[in-house]
Amino acid sequence: MKNILVTGGAGFIGSDFVRYMIERYPDYTIVVYDKLTYAGNLDNLLPISQRPNYRFVQGDIANHEQVRGALEAHEIDTLVNFAAESHVDRSILDADAFVTSNTVGVHVLLDEARKHGIERFLHVSTDEVYGHVAEGYSVESDPFEPRSPYAASKAGGELLVNAYHVTHGLNTVITRGSNTYGPYQYPEKILPFFISEAIDDRPLPVYGDGRQMRDWLFVRDHVTGIDTALHKGAPGEAYNVAGEDNRINIDVTHDLLTRLRKPTTLIKHVPDREGHDRRYAMNCDKLRALGWGRQYDFERGLTD
């Protein structure tokens, strides 16, 4: 492992991974490959932009020629795919971009990785592929039950990754992260969106009764989990990266308002989202067995 292509590396989680990897592995060359859509921002990479082992290539993962050019030009031996359309609400309004990036784009990456002889291919996925989990905790062998176009497109990408491992012998690993938050997150997500709206005394739209439950994972813990799977994960395997901190959305909203010293009258209940999963929860014993452990709880993640 020497030259790593990080697709989607200018986005929220991808850029944190890049900043972490540049610091932790100075002998690796990290090449960020990003289309720079609305959620990709080179400012996320300013802290490491002058490092000698950092490179940037603007490109689309769904374009064979652009992907091939990046792999060849930088002699890539390892590929980590963060590139994805990720906002569920957007996928409900228009799923085309989600299928293109999250399924077709993954196919292009896999096909070019196979042709180029990539030694390791890690695909970053989501707990949403499991669908609603009424009770207990999802494990990696559970069946997929995606309920939104976003989740379905991510599940499709995962199935392609597994197919390329089985059919072509590509050395693949999959990680499935839970609800991630932290610095540089795009403000369409609940924490940065509600914080910015509350600061300006604007209403906070809470879906339905607000009793949906999510497992909160700080971005640096997510990144170290991916690093662990990249270096220690078994070929063809998937690993859950869980925050193990399940919280109800309305409780999180009240917590934010208390911290910001804002009134609860800012809360505005709106009709629930179509196909809204009530609960996600994952077991991450498989990843923990490789030596990974969380460093942040929700309190520390909000305040650091």
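**Salt bridges, sheet contacts and voids**

Asp60 counts as partly exposed, at 21% relative accessibility (buried is under 20% relative accessible area, exposed over 50% and partly exposed in between, for a 1.4 Å probe and protein chains only). This is a predicted model, so local features need pLDDT of at least 70 and side-chain atom pairs count only at pLDDT 80 or more, while totals for chains, interfaces and linings use all residues. Residues are numbered from 1 along each chain as its sequence is written, and side-chain values use heavy atoms, with hydrogens and water left out.

Back to Asp60: its side chain meets that of Lys35 in a salt bridge, at 3.6 Å from N to O (a side-chain nitrogen of Lys or Arg within 4 Å of a carboxyl oxygen of Asp or Glu). Asp60 sits in the loop between β3 (54–58) and α2 (64–73), and Lys35 in the loop between β2 (29–34) and β3, so the pair ties together parts that are 25 residues apart in sequence. Helices (H or I, at least four residues) and strands (E, at least two) are DSSP runs numbered from the N terminus. Lys35 is partly exposed too, with a relative accessible area of 47%.

Across the whole structure, the search turns up 23 salt bridges. One of them links Asp285 and Arg288, whose closest N and O atoms are 2.7 Å apart. These two are three residues apart in helix α9 (residues 285–288), which puts about one helical turn between them. Asp285 is partly exposed at 44%, as is Arg288 at 33%. Salt bridges with shared partners also bring in Glu244 and Arg294, joining them with Asp285 and Arg288 into one network. Elsewhere, Arg202 pairs with Asp200 at 3.2 Å, N to O; Arg202 is partly exposed at 36%, and so is Asp200 at 44%.

Strand β1 (residues 3–7) is mostly covered, with five of its five residues buried. In a regular strand the side chains alternate between the two faces of the sheet. Here both faces are covered: Asn3, Leu5 and Thr7 are buried on one side, and Ile4 and Val6 on the other. Strands β1 and β2 run parallel and are joined by five bridges (two strands pair if DSSP finds at least two bridges between them). The chain gets from β1 to β2 through helix α1 (residues 12–24), in a right-handed β-α-β crossover (clockwise from the first strand over the helix to the second, with the strands pointing away from the viewer). Strand β4 (residues 78–81) also runs parallel to β1, joined by four bridges. Leu5 takes part in both pairings, standing opposite Val31 in β2 and having Leu79 as its bridge partner in β4.

As for voids, there is one cavity of 30 Å³ or more, and the largest cavity has a volume of about 30 Å³. A cavity is a set of points on a 1 Å grid over the protein atoms alone where a 1.4 Å probe fits but cannot get out; a pocket is an open set with protein on both sides within 12 Å along at least five of seven lines, and lining residues have an atom within 4 Å of a point. Grid points are joined across faces, edges and corners, and a volume is the space filled by probe spheres set on the points. Among the residues lining the largest cavity are Val88, Glu128, Arg273 and Tyr280. The second largest pocket comes to about 210 Å³. Of its 14 lining residues, Tyr181, Leu191, Ile195, Gly301 and Leu302 are the closest to its centre. Helices α6 (190–199), α8 (249–260) and α10 (298–303) each supply at least two residues of this lining.
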